[in-house]
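Here's a quick tour of a structure, put together for someone just getting started. Have a look at the picture first, then work through the points below.

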Amino acid sequence: MLFKHHGGVHPNDMKAPANQTAISTIPQPPQVVIPMSQHIGAPCTPLVAVGDEVKLGQKIGEAKAPVSAPVHASVSGKGNMVQAVIIENDFKDTPADTVVPAADEDLFDPERIADIIREAGIVGMGGATFPTAFKITSGWGKVDTVIINGAECEPYITSDHRTMLEKPEELLKGIQLIMRACKVEKAYFGIELNKKFAIDLLNFHGAKEMGIEIVPLKCQYPQGAEKTLIQTITGREVPPGGLPAQVGCAVFNTFTSYSVYRAAYEGLPAIERVVTVSGSAIETPKNVKVRVGTPMEWVFEQTGGFKKEPWKVIMGGPMMGLAQYDLSVPCGKGTASLLAFAGDEDRTAANPTCIRCGQCISACPMNLQPIYMYMYEEKGDIEMMQKLNLMDCVECGACTYICPGRLHLTHAFKTGKAKIQAYNAALKAKEEAEKAKEEKKEEK
Amino acid sequence: MNEQRNLIVSSSPHIRTPRDTKVIMLDVLIALAPAFLASIIFFGWRPIMVTAVSVASCVLFEFGYRKLMKKPDTYGDLSAVVTGVLMAFCLPPTVPWWLPIIGALFAIVVVKQLFGGIGKNFLNPALAGRAFLLASYAVLMTNWMPASFQNVDAATYATPLASLSGGALSSVSLGAMLIGNVGGSIGEISAVALLLGGAWLVYRKVISLRIPLSFIGTVAVITLIFSRGNPHFMWMLQNVFSGGLLLGAIFMATDYCTSPVTPKGQIIFGVGCGLLTVLIRYFGSYPEGVSYAILIMNLTVWMIDKNTAPRRFGTEPKRPIRDLFARLGKKKEAAE
């Protein structure tokens with residue numbers, strides 16, 4: 001049986017240039033920049049002072065809030081702090097004392113595994129960067145199903161695919177740890193069918209015996225969006241504004257699972273990840289291991305550089321990634337790909353015009369009506385925007401991709417959300433002010 | 001490091017489908033080609049002249065209006081070409097050369113551009129142009145000619161629809177209706193050619209089957225149940241394959257701009273078109289009802305769209321009818 005979701009679009013997956021190349025290592029940069037906030041939630045407080053010697057894997061930013069994740073040194077060398085920790089690389093990779101595999105008995109205790117994951121600073125590596133340990137502990141008692149996201153539905157990206165092919169056993173062990181930490185017996189591993197060989201390989205390595213069911217998914221975007229994936233695999237729908245735990249699900253990315261393995265069995269925190277370098281401006285598309293904090297520019301240089309002058313550089317996938325204007329931006333924990341496009345892949349039009357084709361409605365995985373949301377956003381009609389559930393938009397970009405009139409739909413919805421939030425905040429403030437006034441009157 | 005580059009920064013997504021408005025319009029034109037070919041085979045050179053004049057004047061009016069109003073050019077999106085072809089297709093082949101020009105003026109300037117151009121008009125421009133011509137030049141617009149391979153008297157020729165309207169089966173064989181060896185408007189005669197075009201549109205995902213199937217299906221079911229001829233099945237088939245039903249259901253009712261955007265709404269729209277078509281054919285004074293049925297349904301699109309929003313993700317579907325029964329049941333229980 002083939003699993004598919006409602007709506008969606010079918011962009012050319014563009015994975016061919018990179019998915020045949022094995023993960024390679026690039027030389028380390030002379031300097032890494034490690035931001036104190038590489039996740040959703042509270043930023044870290046730095047633990048090193050200027051001039052301190054830091055070692056590989058040493059914790060350099062402490063997470064005090066529950067929804068947070070610590071950050072670690074991805075190289076060894078001399079620390080230098082601004083708003084991030086900058087480490088002058090000494091190219092020695094001297095490991096910190098904390099970089100030791102966990103004791104075997106620790107790997108069977110959910111609380112201990114969650115601790116290891118928290119200490120390793122692991123966050124959702126698919127790009128959302130939600131702190132993984134908090135996802136696990138907050139789901140206790142609610143989550144009955146663990147879903148591993150191996151859809152990798154964004155075009156160009158192949159880093160998860162290569163990880164499945166090159167580290168299948170380690171990956172499955174990581175998933176097993178997550179299952180144990182979540183206190184569930186069964187996990188579903190959703191993989192799109194353009195990674196057929198990876199599906200076979202994981203099954204060959206005994207996924208089934210470990211209680212991990214590989215679910216082949218139809219190639220469609222946004223198959224790997226959290227809510228969509230849960231619906232496809234379990235049939236459950238996360239209510240509007242809700243979290244997956246409300247329907248008993250917890251979703252973890254493929255590379256997150258592999259990072260959990262490394263944290264537990266090698267003691268290595270989240271300081272390195274596989275990044276796909278691809279796009280029409282790239283000389284040789286590749287998958288490379290990149291230390292967290294490595295500037296994008298260094299990665300591009302070390303993978304063969306540009307064959308054409310880049311027109312647009314994207315951190316993340318082409319559908320949801322962020323366009324960058326400065327190549328010195330460091331790669332973070334959630335950077336699955338770096339893309340450089342030579343030409344106008346946006347296909348922007350001089351006069352975007354809606355022709356009412358309704359394809360945005362068929363494409364929306366959240367069953368929204370982008371055509372009307374856009375109309376009211378243009379007008380600034382907050383009431384109608386809310387009525388059309390604009391806040392439900394997951395910003396996947398499917399409607400914008402398919403739009404023949406070349407409307408900037410996703411962009412409009414992002415600003416529309418901000419408008420709604422500002423409006424509601426103002427409304428609340430006004431209400432509170434009036435309440436305070438009335439209370440004062442009563443006192444008098 | 002740190003060299004300056006001119007990089008574009010914009011909101012995601014950063015890729016888009018190559019299929020833009022122009023590609024879609026081109027697909028519609030390709031889908032109309034078989035019907036055009038059939039009209040040339042059965043009517044000779046006249047369809048070429050009428051279509052050429054219609055297309056040329058549509059594009060010219062579109063270009064001229066946008067220039068005059070100092071608005072960005074839109075003739076490049078080919079939508080005016082499609083309007084021109086569609087309007088020509090619902091004119092009799094005998095019309096004088098200047099008639100399409102007047103129709104194009106009304107269709108493009110009044111119906112389309114005065115409301116803001118492509119995507120903003122609420123009536124189908126081609127059909128509105130035809131309706132305008134029919135109201136203004138009733139004689140010219142009902143002067144039918146037989147197809148070239150038909151053995152009939154050209155002077156007193158009546159289309160199969162005229163005979164259906166009189167409540168009798170047409171003497172034209174079903175085979176002739178299918179291939180198009182029959183009188184009628186330029187583009188409507190060959191059912192096979194129109195179905196071929198429809199198949200292309202569905203294959204290229206320009207249209208979904210929702211509107212054409214619900215439209216044609218409704219006409220078929222109603223004419224079968226309330227048949228006026230014998231055999232009933234033949235009556236139904238003649239009603240489906242004669243007149244502008246296929247042209248209307250495949251190419252006119254599916255016009256993006258003047259049909260609902262929600263899946264549920266499209267089915268309601270199609271059923272409404274079918275109902276009105278049969279009503280006009282049965283009880284109207286004019287034998288054909290397709291064009292007016294579509295034009296009337298065009299006016300309901302906004303209302304249909306508003307009331308057929310897709311179910312919000314993560315919520316229970318609304319079931320008004322079931323809820324009503326549940327409420328009635330409760331009342332009954334309370335009464336007991």
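This is a predicted model: local features need pLDDT of at least 70, side-chain atom pairs count only at pLDDT 80 or more; totals for chains, interfaces and linings use all residues.

**More on Thr45(A)**

- You'll find Thr45(A) in strand S3 of chain A, which covers residues 45–46.
- Leaving out residues up to four places away in sequence, Thr45(A) touches Gly61(A), Glu62(A) and Lys64(A).
- Thr45(A) and Gln176(A) sit 131 residues apart in sequence, and their C-alpha atoms are 32 Å apart in space.

**A buried glycine**

- Is Gly174(A) buried or exposed? Gly174(A) counts as buried, because it has 26 C-beta neighbours inside 10 Å and the cut-off for buried is 20 or more.
- Gly174(A) belongs to helix H5 of chain A, residues 168–182.
- Which residues does Gly174(A) touch, not counting those up to four places away in sequence? They are Ser257(A), Tyr258(A), Val260(A) and Tyr261(A).
- Between Gly174(A) and Thr98(A) there are 20 Å from C-alpha to C-alpha, with the two residues 76 apart in sequence.

**Chain A as a whole**

- Chain A has 14 helices and 17 strands.
- With a radius of gyration of 23 Å, close to the 22 Å that the globule rule gives for 444 residues, chain A is as compact as a globular protein of that length.
- Picture a box of roughly 65 × 60 × 45 Å along the principal axes: that's what the C-alpha atoms of chain A fill.
- Of the 444 residues in chain A, 54% are buried.
- Take the contacts in chain A between residues at least 6 apart in sequence: 73% of them join residues at least 24 apart.

**Helices H4 and H6 of chain A**

- H4(A) runs over residues 159–166 and H6(A) over residues 196–204; their axes come within 9 Å and cross at roughly 35°.
- The crossing of H4(A) past H6(A) is left-handed.
- On the H4(A) side, the contact uses His161(A), Met164(A) and Leu165(A), while H6(A) brings Phe197(A), Ala198(A), Leu201(A) and Leu202(A).
- Sorted by class, this contact between H4(A) and H6(A) has 6 nonpolar residues, 1 polar residue and no charged ones.
- How many residues of H4(A) are buried? It's 6 of its 8, so H4(A) is mostly covered.
- The buried ones in H4(A) are Ser159(A), Asp160(A), His161(A), Arg162(A), Thr163(A) and Met164(A).

**Chain B as a whole**

- Chain B has 16 helices and 0 strands.
- The C-alpha trace of chain B spans about 80 × 80 × 35 Å along its principal axes.
- Chain B has 336 residues, and 49% of them count as buried.
- Looking at contacts in chain B with a separation of 6 or more, 74% are between residues 24 or more positions apart.

**Helices H1 and H9 of chain B**

- H1(B), residues 21–43, packs against H9(B), residues 191–203, at an angle of about 170°, with the axes 8 Å apart.
- That angle makes H1(B) roughly antiparallel to H9(B).
- H1(B) passes H9(B) in a right-handed crossing.
- Among the H1(B) residues making the contact are Val28(B), Ile30(B) and Leu32(B), and among those from H9(B) are Leu194(B), Gly197(B) and Trp200(B).
- By class, the contact of H1(B) with H9(B) has 13 nonpolar, 1 polar and 1 charged residues.

**Helix H11 of chain B**

- In H11(B), residues 232–241, the buried residues are Trp235(B), Met236(B), Gln238(B), Asn239(B) and Phe241(B).
- Those buried residues pack against H7, H8, H9 and H10 of chain B.
- After H11(B) comes Gly243(B), which has a positive phi, near 70°.

**Where the chains meet**

- Here, 33 residues of chain B are in contact with 53 residues of chain A.
- The chain B side that touches chain A divides into 16 nonpolar, 11 polar and 6 charged residues.

Terms used: Residues are numbered from 1 along each chain as its sequence is written. Chains are lettered from A and ligands numbered from 1 in the order in which they are written. Two residues are in contact if their C-beta atoms, placed from the backbone, lie within 7 Å. Ala, Val, Leu, Ile, Met, Phe, Trp, Tyr, Cys and Pro count as nonpolar, Asp, Glu, Lys and Arg as charged, and the others, Gly among them, as polar. Axes are lines fitted to C-alpha atoms, for helices over the stretch in contact, and angles run from 0 to 180 degrees between N-to-C directions. Helices (H or I, at least four residues) and strands (E, at least two) are DSSP runs, numbered from the N terminus. Angles under 35 degrees count as roughly parallel, over 145 as roughly antiparallel, 65 to 115 as roughly perpendicular and the rest as oblique. A crossing is left-handed if the near helix is turned anticlockwise from the far one by less than a right angle, and right-handed if clockwise. The radius of gyration is taken over C-alpha atoms; the globule rule is 2.2 Å times the number of residues to the power 0.38. A residue is buried if 20 or more other C-beta atoms lie within 10 Å of its own, exposed if 12 or fewer, and partly exposed in between; C-beta atoms are placed from the backbone.
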